[in-house]
Amino acid sequence: MCGIVGMVFKNPFSARDALTSLKRLEYRGYDSFGIADSNGRIQKFVGEIDETKAGDRLVNTTITHTRWATHGNVTEANAHPHTDCTGSIAIVHNGIISNFSEIREEMKAEGHRFASETDSELIAHFFEGKNIADSIPPFFAKFKGEYAVLLIKKGEDAIYAFKRGSPLVLGIAQDGYVLASDIYAFSDRTGNAVFFNEDEFAVVGKNGYEFYKVNGKLEPSEKQVTAFKWMAEETKKDYEHYMMKEIKEIPEASRRLLDSLEAEQRESVESIVSLVRNAKRIVFVASGSSYHASLLGIQFLRRAGVEAHAIVASEFKNFTLIDENTLVVAVSQSGETMDVIEALHGIKARGVKIASLVNVPYSTVQRMSHSHINICAGQEVAVAATKTFVNQVLAMAYIASLLGYAMDMRSVTGVFNSVFAQEARIKDVAKTLATARDIYVLGRGFSYPVAREIALKLKEITYIHAEGMMAGELKHGTLSLIEQGTPVICLAPKGDNDIMSTAHEVAGRGANVIMFSDEARGGIKIDSTGKVSFSVMAAMAGQLLTYYIAREKGLPIDKPRNLAKSVTVK
Ligand code: F6R
């Protein structure tokens, strides 16, 4: 994962400003961070980004990095930037060099000395003593895997930037340039950007930039400047955590989405609807929460008479046979999830049509799609997907409604606020679950993907093992794990008698059954207007429950251990 930022400006700026821009990418990883400048100074630190650490010294050119560890432990030595043996070249890297072991052995035999255990350090050593531009084609020929790299040379106010696989974008500010993993890093400075394509190289100085396509040699490349609009990053306001702020934003974010789908995104919606109509089947590709939203999407489309499937992105190629009659729908909050991008690369090469639902505009997934919808949730800072999960589900329900699934979207979103009336009750339940070792979440139909989504939230934020299951599957094996006091959350929309039978079965075996139900059955009341609103509201109640359990346990809610918001490695 990792976030990288490079800055080259006409006038000197403070090193602290460089780290402030880097901090905007902290959601990409927060194990360690570092900064190098063109005077040859390098500073590295373990832990979350602290802007004050670089001091207020003035610099003209910097590269910075926030790390999510892949190769090598979380140590200062493994933090970026990395240098060559002479210390005159410094690099930051996002991605993974897959043939790292063989290159390292080769370089070791040539006499290079390594200061870290990382794959990234090899990049600095490769360019040691060489002309950078001349060495780019051989670099691309030799280094396999994914990389977005920023490189500086001591004494030169320029940044060499190149990428394959991992994202990279150039922001054009008034008095200089910012290179970064995504537009968040500079959206406070400029609304103009140049996106790197695959296998591109650029030299960015304080007075201008040049792009080249890397194709065995360097071919000059004409680039378009894209004007972008992005909702400015918001603060936590009065909330203790972003996660709670983002849950509380759900009613507003869902209204914003519907307004946008009916107005400014109408053409995109029509385009996707027509792609769906012309396809024989739909295949969603997504990871994590976005995959769970897609499991609901399948069911909505089925009710509109459309055959749909969902495949987890990292296993996409093993589970599908895609042909030209298939429409692939990529679902991704960040639009930068490497597993999703990899899957899309595979099918794009075969000319298959791609539609997408994304939250971050101008992201790689969006740019790879023939048609896209923005889910308009606004920036989500907490690692856990909350408001974006809900808006993904709503966007899918909206499309299905245009294809014939009879449903009133406004009546669905109109009741979301009522979940917050249950907050005190949810908090009480959370207290009783804080010491749980395992939690089971059971659902059927629309509630099944929600059961999986709640279990995922519980695992990532509360560190409690949780399983979200089809209620009907329990008796085929997992039932043997139910003991006296095992917490089992049952998602029971009105009229679902089968889930009630399952609840009785587990209660009879001593389980601590917690009902999420729209009838007065104890537990947590979901005042829904139907099955679609029930599923979204049960997910919201699960998000609140997760939040309060984690708070009870004193965990780092917005930045759970080992995770990052944007998963840009395979
Ligand atoms: C869970 C969560 C992750 C993401 C997954 C996909 O709360 O946030 O499971 O849903 O990493 O990310 P996107 O949607 O950005 O492709």
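The paragraphs below treat the strand and then the helical position.

This is a predicted model, in which local features need pLDDT of at least 70, side-chain atom pairs count only at pLDDT 80 or more, and totals for chains, interfaces and linings use all residues. Residues are numbered from 1 along each chain as its sequence is written, and side-chain values use heavy atoms, with hydrogens and water left out.

Helices (H or I, at least four residues) and strands (E, at least two) are DSSP runs, numbered from the N terminus. Strand β2 covers residues 32-37, and six of its six residues are buried, so the strand is largely enclosed by the rest of the structure. Buried here means under 20% relative accessible area, with a 1.4 Å probe and protein chains only. In a regular strand, side chains alternate between the two faces of the sheet. From β2, S32, G34 and A36 point one way, while F33, I35 and D37 point the other way, and all are buried.

Two strands pair if DSSP finds at least two bridges between them. β2 pairs with strand β3 (residues 42-46) in the antiparallel sense over five bridges, and K44 in β3 is the bridge partner of G34. Four residues lie between the strands of this hairpin, where G40 takes a positive phi near 95°. With strand β4 (residues 58-67), β2 also pairs in the antiparallel sense, over six bridges; there, I35 stands opposite T64.

G297 lies in helix α8 (residues 288-303). This glycine counts as buried because its relative accessibility is 0%. Leaving aside neighbours within four places in sequence, G297 is in contact (heavy atoms within 4.5 Å) with F284 and M396.

Technical notes:
Buried < 20%, exposed > 50% of the residue type's maximum accessible area, 1.4 Å probe, protein only.
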